[in-house]
Amino acid sequence: MNLGLSQNHFELLGLPIAYSVDAARLERAYRDLQSRVHPDRFAASTEAERRVAMQWATRANEAYRTLRDPLERARYLLDLKGFDTAEESNTAMPADFLMQQMEWRDAAAEARRARDRVRLARLRDDIKAERGEMLQLLERALDAERNYDAGCSLVRKLRFLERLDEEIGEAIEPSRDAK
């Protein structure tokens, strides 16, 4: 195994350091790397070589999981560029975004009380559409404009949407049992 220990996830998988990732290329790179470092290939090797293979397989899995998920990939890329998304400490959001959040939360609470799965599903669709638009803005901010501050702000907004989607998902599940 001739892999560099200091490689970041992109380098490890032979991908350009960019937000936009070709999913098929990512998949191929991961499968290729796994075929080279999978611990099963080193079953007859020394204990030290098996341990190293396990470490590399773990790194390959972590890199793949991170780069496959758009939000995790953005966080990782921003960190590589020296930017902290400050998701836990910076909760300041534009007023229009916060208003939309409150409207969705109110609508979700009302639909939950009414056990209205159709309305909850529509809310989830709205959030999914908003998320898709934000992911496009994130790609433009990070790749085309290299505006990492805007990227951090978009990651924080996407985190809000992620939490709201989880809440609605939790509201949908119990209502399935109730009906």
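**Figure 1. A salt bridge joins the side chains of Glu-87 and Arg-75, with 2.7 Å between N and O.** The view is taken from a predicted model. Glu-87 belongs to the loop between H4 and helix H5 (95-113), while Arg-75 belongs to helix H4, so the pair ties together parts that are 12 residues apart in sequence. Glu-87 is buried at a relative accessible area of 13%. Arg-75 is likewise buried, its relative accessible area being 17%. The structure holds 13 salt bridges.

**Figure 2. Glu-88 and Arg-163 form a salt bridge whose closest N and O atoms are 3.5 Å apart.** This pair links distant parts of the chain, since Glu-88 sits in the loop between H4 and H5 and Arg-163 in helix H7 (residues 148-178), 75 residues apart. Glu-88 is exposed, with 62% relative accessible area. Arg-163 counts as partly exposed at 30% relative accessibility.

**Figure 3. Arg-140 and Glu-145 meet through their side chains in a salt bridge of 3.4 Å, N to O.** Both partners can be described by their accessibility: Arg-140 is partly exposed, with a relative accessible area of 44%, and Glu-145 counts as partly exposed at 46% relative accessibility.

**Figure 4. The largest cavity has a volume of about 40 Å³.** A search of the whole structure finds one cavity of 30 Å³ or more. The lining of the largest cavity consists of Glu-87, Asn-90, Thr-91, Met-93, Arg-156, Arg-159, Phe-160 and Arg-163. Among these lining residues, Glu-87 also takes part in the salt bridge with Arg-75, and Arg-163 in the salt bridge with Glu-88.

**Figure 5. Helix H3 (residues 47-68) contains 22 residues and reaches 31 Å from its first C-alpha to its last.** This reach is close to the 32 Å expected at 1.5 Å a residue. The buried residues in H3 are Ala-53, Trp-56, Ala-57, Ala-60, Ala-63, Tyr-64, Thr-66 and Leu-67. Their cover includes helix H1 (9-12), helix H2 (23-37) and helix H4 (70-80). Helix H4 is also the element that holds Arg-75.

**Figure 6. Arg-115 and Arg-146 each have a positive phi without being glycine.** For Arg-115, phi is about 55°. Arg-115 lies in the loop between H5 and helix H6 (117-144) and counts as partly exposed at 47% relative accessibility. For Arg-146, phi is near 50°. Arg-146 is found in the loop between H6 and H7 and is exposed, with a relative accessible area of 51%.

**Figure 7. The predicted model averages a pLDDT of 90, and 93% of the residues score at least 70.** Over residues 175-179, pLDDT stays under 50. For this stretch the model has five contacts beyond four places in sequence. Helix H7 is assigned to residues 148-178.

Notes. Residues are numbered from 1 along each chain as its sequence is written. This is a predicted model: local features need pLDDT of at least 70, side-chain atom pairs count only at pLDDT 80 or more; totals for chains, interfaces and linings use all residues. Side-chain values use heavy atoms; hydrogens and water are left out. Helices (H or I, at least four residues) and strands (E, at least two) are DSSP runs, numbered from the N terminus. The expected span of a helix is 1.5 Å times one less than its number of residues. Buried means under 20% relative accessible area, exposed over 50%, partly exposed in between (1.4 Å probe, protein chains only). Contact means heavy atoms within 4.5 Å. A salt bridge is a side-chain nitrogen of Lys or Arg within 4 Å of a carboxyl oxygen of Asp or Glu. pLDDT is the predictor's confidence in each residue, from 0 to 100. On a 1 Å grid over the protein atoms alone, a cavity is a set of points where a 1.4 Å probe fits but cannot get out, and a pocket is an open set with protein on both sides within 12 Å along at least five of seven lines; lining residues have an atom within 4 Å of a point. Grid points are joined across faces, edges and corners, and a volume is the space filled by probe spheres set on the points.
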